[in-house]
Amino acid sequence: MSAVPKETYISPQDYLARERLAKHKSEYYQGEIFAMAGASFEHNEITANLLYLLKTLLKGKSCRPYPSDLRIHIPERDFYTYPDVSVLCGEPEFTDDIFDTITNPVVIVEVLSESTADYDRGAKFRFYQQIRTLQHYILVSSWECYVEVFTRKKQNLWELQVYQDMNESCLISYLDIALPLQEIYENVKWIKK
């Protein structure tokens, strides 16, 4: 993500007003707006697979997956962002009466690109850890078969499970489902092996 040329401090309300009219998505962090980069074909294929898989596996349950157009707000960090996939269980907690920004996802999935991997594993994960409802943070590589599932064990304790074999399924214990890597990566043509 790259910063929009620095003006003065932009309030969250001004950001939301701009963002709701914008043609391209931007993140917001403590008064600054950051343009979000576009995604590769592989990234989009993986995201579509994840949405389909989660929708199918969660059918009949109170949890639902959402694509990257659902904005997440983390008030503790004064941060607004668009995860690639988020899962919500129960009723959404919206930030206002426009109903396009929530604060209570239970699962967040980011499909990694080589240019965003460090940010998604570092600062962004630290921000996401402030979401009291978040139970799983899942990172899916778009250039190799590699999935990381972080599971919240206690408030400040996260357990990591790594999956890197196409014959494995990654367990999402809070949702009581398993995601087969073969289905996550279905139709993905590897640039690198």
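Let me begin with a definition: a disulfide is counted here as a pair of cysteine sulfur atoms within 2.5 Å. Please keep in mind that the model before you is predicted.

How many disulfides does this rule give? The count comes to 1 disulfide. The bond joins Cys-63 to Cys-89, with a distance of 1.9 Å from S to S, which lies within the cut-off of 2.5 Å. These two cysteines link distant parts of the chain, 26 residues apart: Cys-63 belongs to strand β4, residues 63-66, and Cys-89 to strand β7, residues 85-89. Is this disulfide right-handed or left-handed? The torsion about the S-S bond of Cys-63 and Cys-89 is about 110 degrees, so the disulfide is right-handed. Both Cys-63 and Cys-89 are buried.

Let us turn to Cys-145 and Cys-170. Cys-145 is in no disulfide; its nearest cysteine sulfur belongs to Cys-170, 9.8 Å away. Cys-170 is likewise in no disulfide, and for this residue the nearest cysteine sulfur is that of Cys-145. Are these two residues buried or exposed? Buried means under 20% relative accessible area. Cys-145 has a relative accessible area of 17%, so this residue is buried. Cys-170, at 0%, is therefore buried as well.

My next topic is helix α1, which spans residues 12-19. Which of its residues are buried? They are Pro-12, Tyr-15, Leu-16 and Glu-19. When one looks down the axis of α1, these buried residues fall within an arc of 95 degrees, so they line one face of the helix. What covers the buried residues of α1 includes the elements β2 (26-29), β3 (32-35), β5 (71-74), β6 (79-81) and β8 (101-102).

I close with the largest pocket. Rolling a probe the size of a water molecule over the atoms shows where empty space is left. The largest pocket has a volume of about 630 Å³. It is lined by 28 residues, and the closest to its centre are Ala-37, Gly-38, Ala-39, His-43 and Asp-84. Which elements give two or more residues to this lining? They are α2 (41-57), β9 (107-112) and α3 (117-121). Of the elements, α2 gives the most, with 4 residues.

Thank you for your attention.

Terms used
Residues are numbered from 1 along each chain as its sequence is written. This is a predicted model: local features need pLDDT of at least 70, side-chain atom pairs count only at pLDDT 80 or more; totals for chains, interfaces and linings use all residues. Side-chain values use heavy atoms; hydrogens and water are left out. On a 1 Å grid over the protein atoms alone, a cavity is a set of points where a 1.4 Å probe fits but cannot get out, and a pocket is an open set with protein on both sides within 12 Å along at least five of seven lines; lining residues have an atom within 4 Å of a point. Grid points are joined across faces, edges and corners, and a volume is the space filled by probe spheres set on the points. Buried means under 20% relative accessible area, exposed over 50%, partly exposed in between (1.4 Å probe, protein chains only). The arc is that of the directions from the helix axis to the C-beta atoms. Contact means heavy atoms within 4.5 Å.
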